[in-house]
Amino acid sequence: MSKNFPLNNSELQELVKKFPTPFYIYDEAAIRKNMQEFTKAFSIFPKFREYYAVKACPNPHILKILQEEGCGADCSSLPELMLAKMTGITEKKVMFTSNETPAEEYQFAYENGNIINLDDFTHIEFLEKVLGKLPETICFRYNPGNEKQGCNSIIGKPEEAKYGLTRSQIIEAYGICKAKGVKHFGLHTMVASNELNPDFFVDTAKLVFELAVEIKEKTGAIIEFVDLGGGIGIPYKPEQKAVDYNVIAAGIRKEYDRVVVPNGLDPMEIYFECGRPITGPYGWLVTKAVHKKHIYREYVAVDACMADLMRPGMYGAYHEVTVSGKETAAKTEVYDVVGSLCENCDKFAVQRSLPQIDIGDLVIIHDAGAHGRAMGFNYNGKLRAGELLLKADKSVKQIRRRETIDDLFATLDLSEFKS
């Protein structure tokens, strides 16, 4: 099955006349439709909310689209909290899930009525010292250690991860907070990244629901909401199958009825904090072939590089690559598709079967709508790509311009070097 791109070759050729490559482009209509399907699947619960992981695509234009579709925001830093606020995602629609958090970030979240999700037992005392009291609503991130098996390599084994509280710590934490007057409690875990097996998420829900029952029995604290984290994957490879949201929802509902309802915790609110499945498949990095090299391998060099899309170089992650106008052409060549960074890992594709690529061809890197532009960097003095939004009416809007050299030098003190 081939990957789709919303513009044909002639449309894309016209677009690059106005917005030179490389750039990211996102499909508004597709993001909206996908978010609606996600929400509908989980509407079988008394209350459900998706808290979009802002780190996946921290652009206010994208966040505003999701806000209009009922999304909250999962934030992990002060700038992300600020982006959520400016796009109308406010108060309890913001989940502040950070780690090793500075005092001023807790203060901002508290003053704006956001849900604070604590990542460590010692943060109870730290937060109380910062605020002068604990907030009325508090949540803790649970690290299940070796209770949770089958986690993939991106997020790692829970017992080796820096995140969350152990089971014994989390029981004690709720008891302390209840004694200090906290009135509302949530429970959070995040143990997957880019997982395509629906059963993984059902098993996670079972673990969290059973822990909520134990917390109630041992501390008297009632868990009013559970945040099951994110981690739902997308089919980066053409032969992979997309996760069925309805299958996940139905499996979790079965555990909800088995564990939550008979133990007096119904109605319990169910949250997710997905980023990748919400915008990932609906963003593309568009770049241009600028060089070809013939040595021990055949290389095609493009005008984007790892500084624009880190995932392949950092994780060895797969992204489908197609050539605009040659989508149905025979894949007669084998290329490494590379950028210009001074690192040999700067490769978008390695030994990939592709049609013949000519200088000037527009190359499309798929499934780049999450953890793409957001992970960009400036090593080698590279200037990060801009972002475009394909509107529902098929017009295109620039939502982030490409960086300039002035941007790159803006934080340097150049006063003694100017002539």
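1. Two rings of Phe, Tyr or Trp count as an aromatic pair here if their centres lie within 6.5 Å. In this predicted model, the structure holds 18 such pairs. One of them joins Phe-45 and Tyr-256 edge-to-face, at 5.7 Å centre to centre with 75 degrees between the planes. This pair links distant parts of the chain, since Phe-45 sits in the loop between helix H2 (28-41) and strand S2 (48-53) while Tyr-256 belongs to helix H9 (residues 245-260), 211 residues apart. Phe-45 and Tyr-256 are both buried.

2. Now for helix H3 (residues 60-68), whose buried residues are Ile-62, Leu-63, Ile-65 and Leu-66. They cover an arc of only 155 degrees around the axis, so they lie on the same side of H3. At the start of H3, a side-chain oxygen of Asn-59 comes within 2.9 Å of the backbone nitrogen of His-61. Just after H3, Gly-70 has a positive phi of about 90 degrees.

3. On to the charged pairs: the count of salt bridges comes to 22. Lys-180 and Glu-128 form one, at 3.3 Å from N to O. Because Lys-180 lies in the loop between helix H7 (167-179) and strand S7 (184-189) and Glu-128 in helix H6 (residues 123-131), the pair ties together parts that are 52 residues apart in sequence. Lys-180 is partly exposed at 45%, as is Glu-128 at 26%.

4. Helices H8 and H9 meet again through Glu-210 and Arg-258, so parts 48 residues apart in sequence are tied together. The closest N and O atoms of this salt bridge are 3.0 Å apart. Glu-210 is partly exposed at 31%, and Arg-258 is partly exposed at 43%.

5. What about Lys-347 and Asp-336: buried or exposed? Both are buried, and their side chains meet in a salt bridge of 3.1 Å, N to O. Elsewhere, salt bridges that share partners join Glu-28, Arg-32, Glu-68, Glu-69 and Lys-391 into one network.

Terms used. Residues numbered from 1 in each chain as written. Predicted model: local features only at pLDDT ≥ 70, side-chain atom pairs only at ≥ 80, totals over all residues. Heavy atoms only, no water. Phe/Tyr/Trp six-rings, centres within 6.5 Å; stacked < 30°, edge-to-face > 60°. Helix = DSSP H or I, 4+ residues; strand = E, 2+ residues; numbered from the N terminus. Buried < 20%, exposed > 50% of the residue type's maximum accessible area, 1.4 Å probe, protein only. Arc of directions from axis to C-beta. Polar contact = N/O pair within 3.5 Å; in protein donor to acceptor, adjacent residues only side chain to side chain. Salt bridge = Lys/Arg side-chain N within 4 Å of Asp/Glu carboxyl O.
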